[in-house]
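Subject: Handover of a structure

Dear colleague,

Please find the structure below, together with its sequence. My notes on what was found follow directly after it.

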Amino acid sequence: MKGFSRPVTQFSLCGLNCALCTMNIGGYCPGCGGGEGNQSCRIARCSLEHGNPCFCFECPMYPCPLFDSFDSCDSFIPHGVRTRDVERMRTIGLAGYLEELEEKRKLLLALIRDFDDGRRKTFFSVAVYLLDLGDLEEVMAEASDPAGLGGMDKKARAEHVSGLLRRRAAEKKLELRLRRAGCGDRNR
């Protein structure tokens, strides 16, 4: 969006983890306020109209109907946990949150590199997005155990790690999928 830029492109204005998005990882989107490729966004326009705060929660209008209505469905990443992520960032500070986000991004890149069979990039992105860093580190340790992998081909390895992620998500009562039905063009 013309005139909209931010120093923090990994964690969006509204609380999305852009660093964990497959569009960002693939180089198709620079993240919230990152310049070329940044999509038109009603929340970005709102920010420009309200003094350009770095995050929505810094706006005196927060939480507003625009912020609240944004979670009804997902784009390339889950939207329903934005409030959780904003609260985590506020608790540990922006620097600490960005460090955690970078660790999660490294785990996502390792999942894609070592276990993607060409069909699971979005699934891995959603799993890394929704699960806590500690859960992901435990899953990765188990998934990378050479004794457990044996002579598995790439497809079997992908299925194995996907099962580990699904089990961990089930323990946390999380569903590892994007909600796309009825999204339309609600963000423009």
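Cys56 counts as buried because its relative accessibility is 13%; buried means under 20% relative accessible area, exposed means over 50%, and partly exposed lies in between, for a 1.4 Å probe and protein chains only. The cysteine sulfur closest to that of Cys56 belongs to Cys14, and at 5.8 Å this is too far for a bond. Cys54, by contrast, is partly exposed, with a relative accessible area of 22%. Its closest cysteine sulfur is in Cys32, 8.6 Å away, which is again too far for a bond. A disulfide is a covalent bond between the sulfur atoms of two cysteines. Here it is taken as a pair of cysteine sulfur atoms within 2.5 Å, and the search of the whole structure finds 0 disulfides.

Before going further, please note that this is a predicted model, in which local features need pLDDT of at least 70 and side-chain atom pairs count only at pLDDT 80 or more, while totals for chains, interfaces and linings use all residues. Residues are numbered from 1 along each chain as its sequence is written, and side-chain values use heavy atoms, with hydrogens and water left out.

As for the overall picture, the protein chain has 8 helices and 0 strands; helices (H or I, at least four residues) and strands (E, at least two) are DSSP runs, numbered from the N terminus. Of the 188 residues in the protein chain, 44% are buried.

Where does Ser12 lie? Ser12 is in the segment before helix H1 (22-25), and it counts as buried at 3% relative accessibility. A polar atom of its side chain lies 2.7 Å from the backbone nitrogen of Leu16. Neighbours within four places in sequence aside, Ser12 is in contact (heavy atoms within 4.5 Å) with Arg6, Cys18, Cys32 and Phe55.

Two of the helices can be described as a packed pair. Such a pair is described by the angle between the axes and the distance between the axes. Helix H4 (residues 82-115) and helix H8 (residues 154-171) pack at about 145 degrees with their axes 9 Å apart; axes are lines fitted to C-alpha atoms, for helices over the stretch in contact, and angles run from 0 to 180 degrees between N-to-C directions. On the H4 side, Leu111, Arg113, Asp114 and Phe115 take part, and they meet Lys154, Arg157, Ala158, Val161 and Leu165 of H8.

In helix H6 (residues 133-143), the residues Leu133, Asp135, Leu136, Val139, Met140 and Ala143 are buried. Seen down the axis of H6, these buried residues fall within an arc of 155 degrees, so they line one face of the helix; the arc is that of the directions from the helix axis to the C-beta atoms.

Most residues other than glycine have a negative phi, and most peptide bonds are trans. The peptide bond from Tyr62 to Pro63 is cis, with omega near -10 degrees, and Pro63 sits in the loop between helix H2 (42-49) and helix H3 (65-68). Asn52, in the loop between H2 and H3, has a positive phi of about 60 degrees although it is not a glycine. Lys173, in the segment after H8, has a positive phi near 60 degrees and is exposed, with a relative accessible area of 76%.

Yours sincerely

Key. A polar contact is a pair of N or O atoms within 3.5 Å; within protein, one must be able to donate a hydrogen and the other to accept it, and residues adjacent in sequence count only if both atoms are side-chain atoms.
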